[in-house]
Amino acid sequence: MSSELIIHADQGATRISRHLYGQFAEHLGTCIYGGLWVGESSPIPNIRGIRRDVLSALRELRIPNLRWPGGCFAESYHWRDGIGPREGRPVTENGWGGIRESNQFGTHEFMDLCDLLGAQPYICGNMSTGSPEEMADWLEYITAAGDSRLAQLRARNGRVEPWPLTYWAVGNENWGCGGHMTVQQYTAAYRRFQPACRNFSGARLYKVACGWEDDWNEALMRDAGTLMDGLSIHHYSRTISHGQGGDPASMTLHGQATRFDAADWWHILRKATYMDGFITRMKRMMDRYDAGGRVGLIVDEWGTWYKEDDGKPAGSLYQQNTIRDALVAAVTLNIFHRHADRVHMANIAQMVNVLQAMVLTDGPHMLRTPTFHVFEMNKVHQGAVTLPADLTCAEQPVDIGTVPVLSASASRADSGEIHVTLCNLDPETPAALSCDIRGLQMEGAMRVSARVLTADTMQAHNTFDAPDAVVPIGFDDVRIGGGGTLELVLPAKSVVVLTVQA
Ligand code: AHR
């Protein structure tokens, strides 16, 4: 079947929020300790304790926001443990596998990391083992100016000015690790906690409530929709045999990051496309309670989740990252672009060494993953206007349904450039595609440049010995046909990003 993409370049009214490219860093495995934070006295080069190599890689992504300190960890985190002189901070238990939490990385270190990345902080407050007072105090500590007790404490700890802070989540997975609540219990708790999220000193908080599955989300929108700015959902591409809906710790996961066959390849990609159905249902429901589209849908955890790599501790959630993960990322970002009217923010899980990471570290070594490269190639879409695009392509039968073999999205930058992300999910067969860009204001000949991320095998990934095995390269298999149509052949298992100038 021949595949065709029609892009309506003269239409489109919605901007792709740059916050769809958000990241997530939890105190889990080696995401924070070892991955981001090594401490000022480490032989690993660092800026005030934060690894230089990781920082410099992540800066290439133009990260808009960073979610912290969890995840489930947030629901056992008490912020006062992580302030003040580091040598005096307590050692506490981290619920994730009972590992030790040194509290060396706390509020000041996180805000410093955000500054160094140029990212906005997105903090998740503790709702199940914390109190509204503790949450209010944390917000006052971060955002109050002047001589309030907590502003003074912050100043004594080295930071006089309040930090700018907009994004704040009231709890995480409160249906599971965050208190095992019913939606009625969560709604009542949300009503108690959200007044504690005060706007100090001119701040204007964007409050995110904790969603889950369809019924929960509808009840929450109905009963507390007017009190929130965002409704959070999570979706992972993974194979689990039971435990769905309970604690992450109670599930049985199947499949590994680098050991899989073609059936597993398609299964995970099909799971990634569930995101489209989930968002579509949530948009329909949210339109009923919030017709004006004020409340954003916030996908603040998404990505692939496999069993830990061999030799990595249970609970560390450390997994390698192949060209399959790159395709999951690109397909998911295409879905977000198409739903940019309601999806205001998203955070891939997680930034370093955990789940679908951007970078992996091992002692002093670091590598960029194939997923990193998708985020880097795709950053041209941040803040651009999403364009309607109609894709016709074959469907691949999979154990759990069918999945379109191609995926696409397009946007128009303020410069007038059109960017198109194209994915060929087929691991074996290249795909011929005609791409008709309609409504382009042509001032001369159309100019097209492109990059491709692909690999020879489904399991291809970067290692510390070969960190550039999977990297984007220039792509020139694009022919400008009659009437301005582009004719391309997308390699098997590839992500192509086109830049079109008219
Ligand atoms: O990202 C890992 C974990 O997955 C988070 O802590 C939790 O919110 C989710 O279940």
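**Close-ups of a predicted model**

**View 1. An oxygen atom of the ligand sits 2.8 Å from a polar backbone atom of Cys 72.** That's a polar contact, meaning a pair of N or O atoms within 3.5 Å. The protein hides 98% of the 280 Å² of accessible area that the ligand has on its own (areas by the Shrake-Rupley method with a 1.4 Å probe). This is a predicted model, where local features need pLDDT of at least 70, side-chain atom pairs count only at pLDDT 80 or more, and totals for chains, interfaces and linings use all residues. Residues are numbered from 1 along each chain as its sequence is written, and side-chain values use heavy atoms, leaving out hydrogens and water.

View 2. Glu 26 has a polar side-chain atom 2.8 Å from an oxygen atom of the ligand. For Gln 350, a side-chain N or O atom is 3.0 Å from a ligand oxygen.

**View 3. Now for an open sheet of 6 strands, ordered E18-E22-E23-E29-E25-E26 with antiparallel pairing.** Strands are DSSP runs of at least two residues, numbered from the N terminus, and two of them pair if DSSP finds at least two bridges between them. E18 (385-387) and E26 (473-474) are the edge strands, each pairing on one side only.

**View 4. Zoom in on E23 (residues 418-424) and E29 (residues 494-501), antiparallel strands joined by 7 bridges.** Ile 418 has Val 500 as its bridge partner in E29.

Methods. Polar contact = N/O pair within 3.5 Å; in protein donor to acceptor, adjacent residues only side chain to side chain. Helix = DSSP H or I, 4+ residues; strand = E, 2+ residues; numbered from the N terminus.
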